[in-house]
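Have the sequence and the 3D view open as you read.

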Amino acid sequence: MPALAAAGSIGHAAPDFALPAAIGNNVRLSEYRGQPVIVSFWSSRCGLCARQLAALDRYYGTYRSSGLIVLGVSVDDDAQHAQDYAHAHVMAFPLLLDSAKAVSRAFGIERLPSTVLIDRGGVVRFLHSDDGAGDDSYVAQIRALLDDKFGGL
Amino acid sequence: MNDTRSLPMPMNIASRSSLLVATLAVALAAGLAAPLWAADAPPPVAAASGPAASAEGSATRSLDEQIQDLKKDVIDLNKDLFMLEEELLFPANTQVAVFVSMDVGDFFALDSISLKIDSHEVSNYLYTPREVTALLKGGVQRLYVGNLRSGQHELVALFNGKGPHERSYRRAASVRFEKGVGAKYLELKITDHQRAQQPEFEIKDWE
């Protein structure tokens with residue numbers, strides 16, 4: 001999987017990945033081509049990540065009927081920690097396990113939480129390296145993705 | 001096809017995609033830029049009637065046909081480039097390809113397959129429910145394609161999933177095969193053994 005530099009990834013195709021879920025089935029990013037996707041990188045030991053995931057869960061509840069997909073990718077070294085977290089904090093969207101960190105490396109993620117917004121064409125459009133999912137800017141960006149205001153690659 | 005053979009090196013998928021996107025963009029731009037009517041002629045009125053309306057309609061149809069032709073050319077070019085890439089990256093005398101097929105699947109829910117050739121892991125593929133459904137409908141997946149020199153080799157496939165009664169199930173299958181001068185095709189077959197109520201894993205060597 002070729003690695004992207006996080007900041008330089010905007011405007012480039014998001015690297016495809018397949019990961020097992022903490023609860024449920026395996027997930028492959030490319031199967032959601034045609035739908036806007038939010039990928040949030042998190043760890044069970046990161047307090048800001050918990051706030052971020054909770055905010056994304058709210059957005060998912062609001063916009064899932066419009067086609068929004070949210071994926072949480074855990075970078076915990078021990079997948080068991082992520083699984084315990086997933087069972088304790090049930091999210092409506094899949095929480096995925098990336099113990100090998102291959103996916104976070106491919107996206108060039110350097111800090112947690114980091115959130116990548118991908119358009120319907122599979123292109124990275126926005127990147128946040130903070131827990132600001134409660135900000136209005138997120139809503140505007142999600143709406144822009146849902147309205148398909150981007151022309152693909 | 002002949003003109004593309006003069007390319008100095010194999011193009012990877014990314015560069016091919018870029019070329020196709022650029023070609024399509026230029027082609028569409030050229031098609032759309034083509035004047036439907038003379039520049040000095042008055043613009044067509046919305047409620048054009050009679051021969052003027054039919055001329056405009058035929059011009060639009062002609063433009064549609066041109067765009068469809070260009071799209072077909074791009075698809076043909078993509079196919080040729082794909083074949084060229086395959087021929088260059090995996091020549092027949094060294095090519096080894098491994099395919100996966102699945103039958104019924106009552107006793108095994110596939111999760112992943114790990115593939116080793118001569119003790120080196122060459123593929124580790126995770127299956128989504130959609131991919132498993134495609135396999136169960138009769139789809140055949142090319143799991144791996146690579147190059148091997150002539151001689152004896154060993155392929156080991158490790159299947160992970162859920163077996164009967166939702167239990168985690170791991171099973172390995174291996175085969176020793178002779179790589180000759182032609183391309184070598186191997187098929188991993190997952191079938192149900194009805195009498196034993198167990199899944200069966202078989203590696204078929206396509207001569």
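## Chain B at a glance

Among contacts in chain B between residues at least 6 apart in sequence, 68% join residues at least 24 apart. Here, two residues are in contact if their C-beta atoms, placed from the backbone, lie within 7 Å. Chain B has 207 residues, and 11% of them count as buried. A residue is called buried if 20 or more other C-beta atoms lie within 10 Å of its own, exposed if 12 or fewer, and partly exposed in between.

Keep in mind that this is a predicted model: local features need pLDDT of at least 70, side-chain atom pairs count only at pLDDT 80 or more, and totals for chains, interfaces and linings use all residues. Residues are numbered from 1 along each chain as its sequence is written, while chains are lettered from A and ligands numbered from 1 in the order in which they are written.

## Strands and a sheet

You'll find 3 helices and 8 strands in chain B. Starting at the N terminus, the order is α-α-β-β-β-α-β-β-β-β-β. Helices (H or I, at least four residues) and strands (E, at least two) are DSSP runs, numbered from the N terminus.

Four strands of chain B make an open sheet in the order β4-β1-β7-β8, with mixed pairing. Its edge strands, β4 (141-147) and β8 (198-206) of chain B, each pair on one side only. Two strands pair if DSSP finds at least two bridges between them. β1 (residues 95-102) of chain B runs antiparallel to β4(B), and 6 bridges join the two. Look for Val98(B): its bridge partner in β4(B) is Tyr144(B).

## The nonpolar cores

Which residues touch the most other members of the largest nonpolar core? Among its 36 residues, they are Leu19(A), Val39(A), Leu71(A), Val73(A), Leu96(A), Val116(A) and Ile118(A). Such a core is a set of buried Ala, Val, Leu, Ile, Met, Phe, Trp, Tyr and Cys residues joined through C-beta atoms within 7 Å. β3(A) gives the largest share, 5 residues.

A second, separate core has 18 residues, including Val98(B), Leu110(B), Leu115(B) and Ile190(B).

## Where the chains meet

On the chain B side, 7 residues are in contact with 8 residues of chain A. Those of chain B divide into 4 nonpolar, 1 polar and 2 charged.

Technical notes. Ala, Val, Leu, Ile, Met, Phe, Trp, Tyr, Cys and Pro count as nonpolar, Asp, Glu, Lys and Arg as charged, and the others, Gly among them, as polar.
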